[in-house]
Amino acid sequence: MTNLTAPRAFHVMSKPTGAICNLDCEYCFFLSKDELYPGSGFRMDAEVHEAYVSQLLAAQRGVEEVVVAFQGGEPTMMGLDFFRRTLELEVRYAAPGQRVLNTVQTNATLLDDEWAEFFHEHGFLVGVSIDGPREMHDAYRVDKGGKPTFDRVVRGLEVLTRHEVDWNALTTVNAANGDHGREVYRFLRDDLGASFVQLIPIVERVTPELLELAESGWGDRPGQRPLYRQEGNLVTHRSVGAEQYGRFLVDVFEEWARHDVGDVFVSMFDTALAHWMGMDQAGMCVHARTCGDAVALEHNGDLYSCDHYVEPGYLLGNIAEGRTLLQLVDSPQQRAFGSAKLETLPAYCRGCDVRFACNGGCPKDRFLDTPDGERGLHYLCAGYQTFFHHVDEPMRVMAGLLRQGRDATALRDWYARADANRDAEEACTCGSRIPWGACHGD
């Protein structure tokens with residue numbers, strides 16, 4: 001029997017406005033989730049708000065740090081008073097000594113000085129969605145009128161920076177920026193000053209019936225996209241290609257490893273290093289052996305197995321209707337969902353030499369056939385293999401440094417020694433086929 005009193009670290013992605021957002025990003029899979037709640041006002045009410053905070057804090061007593069997270073849609077559409085009440089609830093329900101970190105994922109277009117002062121005063125960590133330089137960002141991240149959003153996002157970031165708010169860059173990798181890894185990374189690092197970067201591949205999975213509608217930007221019915229489900233074995237033109245994604249990661253890694261180890265933190269690289277250190281469940285959930293510890297909470301209290309599985313078949317229950325967060329996360333349904341990631345891994349993946357780092361990727365994108373015809377190969381498999389094979393040696397070097405109690409930043413010296421006698425005309429180490437001196441050796 002499951003011990004419901006034991007402290008358990010799990011993550012809740014709460015969506016206080018549900019799928020409602022002030023933008024209309026073409027690749028956003030979540031905007032269609034409003035179809036699940038016809039007639040709703042899409043605002044988390046006081047009862048659900050209190051249930052979320054109180055149950056989360058109660059479930060994670062004994063956990064070193066509890067993360068109270070708000071995503072969307074666009075959570076800042078709730079207004080500042082909602083977040084002020086969050087703090088009041090945390091004071092009321094936190095156990096003595098319990099540490100709480102508040103996080104918000106936002107498109108930053110609604111931020112002003114009042115928001116930034118609040119975030120700074122109360123130590124919020126703010127994730128800002130931005131896809132690179134102007135032309136790449138504006139390719140798909142548009143508002144309800146189809147207008148570009150880059151300038152508004154940058155203005156929001158400038159406000160956060162001015163008020164010294166801790167923020168992360170959340171950058172999707174898609175067809176528009178997928179061939180420009182180093183350019184995107186340098187923009188985030190140099191132009192925006194990002195020191196924490198999360199790279200999120202866009203894989204817009206669709207059925208043949210939905211492909212034409214998806215390719216047209218979901219037609220001419222704003223806010224009326226058909227419910228996005230994890231079905232089909234096709235992808236849209238906005239999706240990043242598998243090999244393209246691998247090259248993007250390698251391109252970024254080559255820049256990061258030479259200049260930024262220890263100063264800039266890229267979640268994909270941190271996760272990879274953890275696996276080379278032998279930590280199966282560390283880092284990003286997409287590369288953990290099993291999943292199920294990151295659930296999604298809708299505005300009305302409905303809890304779903306995962307942010308990517310907000311659809312009827314993955315509804316666990318409602319936290320305001322008798323069963324608590326912990327009971328739902330520990331339910332047989334959710335346990336089965338989490339273990340299925342490992343149990344359904346194809347034989348081709350089980351025998352892969354980088355399986356320890358990849359673990360088959362996120363189940364949502366396992367819709368291809370393996371070379372021997374078994375269903376369940378990840379759409380990005382080719383890119384994952386490219387990346388994990390490429391970083392094998394430097395990851396071993398960093399892991400060795402850490403095991404010796406040394407600083408992983410010494411990897412920069414390792415690269416410097418390797419680069420010292422490199423011919424500027426030879427092919428670049430990133431595999432771009434561009435001469436070293438004109439690529440990562442510049």
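1. Leu326 sits in helix α10, which spans residues 325-329. The model under review is a predicted one. Leu326 counts as buried because its relative accessibility is 8%, under the 20% cut-off. In space, the C-alpha of Leu326 lies 7.6 Å from that of Gln55, although 271 residues separate Leu326 and Gln55 in sequence.

2. Two cavities of 30 Å³ or more are present in the structure. The volume of the largest cavity is about 110 Å³. Its lining comprises 13 residues, of which Cys349, Cys352, Cys358, Gly360 and Cys381 are the closest to the centre.

3. Helices α12 (347-350), α13 (355-358) and α14 each give two or more residues to the lining of the largest cavity. The greatest contribution is that of α14, with three residues. Sorted by class, this lining holds eight nonpolar, four polar and one charged residues.

4. Which elements supply at least two residues each to the lining of the second largest pocket? They are α6 (181-191), α8 (242-259) and α14 (381-390). Helix α8 provides the largest share, six residues. The lining of this pocket consists of six nonpolar, nine polar and five charged residues.

5. Helix α14 deserves a separate remark: α14 supplies residues to the lining of the second largest pocket, and α14 also gives the most to the lining of the largest cavity.

Notes. Residues are numbered from 1 along each chain as its sequence is written. This is a predicted model: local features need pLDDT of at least 70, side-chain atom pairs count only at pLDDT 80 or more; totals for chains, interfaces and linings use all residues. Side-chain values use heavy atoms; hydrogens and water are left out. Helices (H or I, at least four residues) and strands (E, at least two) are DSSP runs, numbered from the N terminus. Ala, Val, Leu, Ile, Met, Phe, Trp, Tyr, Cys and Pro count as nonpolar, Asp, Glu, Lys and Arg as charged, and the others, Gly among them, as polar. Buried means under 20% relative accessible area, exposed over 50%, partly exposed in between (1.4 Å probe, protein chains only). On a 1 Å grid over the protein atoms alone, a cavity is a set of points where a 1.4 Å probe fits but cannot get out, and a pocket is an open set with protein on both sides within 12 Å along at least five of seven lines; lining residues have an atom within 4 Å of a point. Grid points are joined across faces, edges and corners, and a volume is the space filled by probe spheres set on the points.
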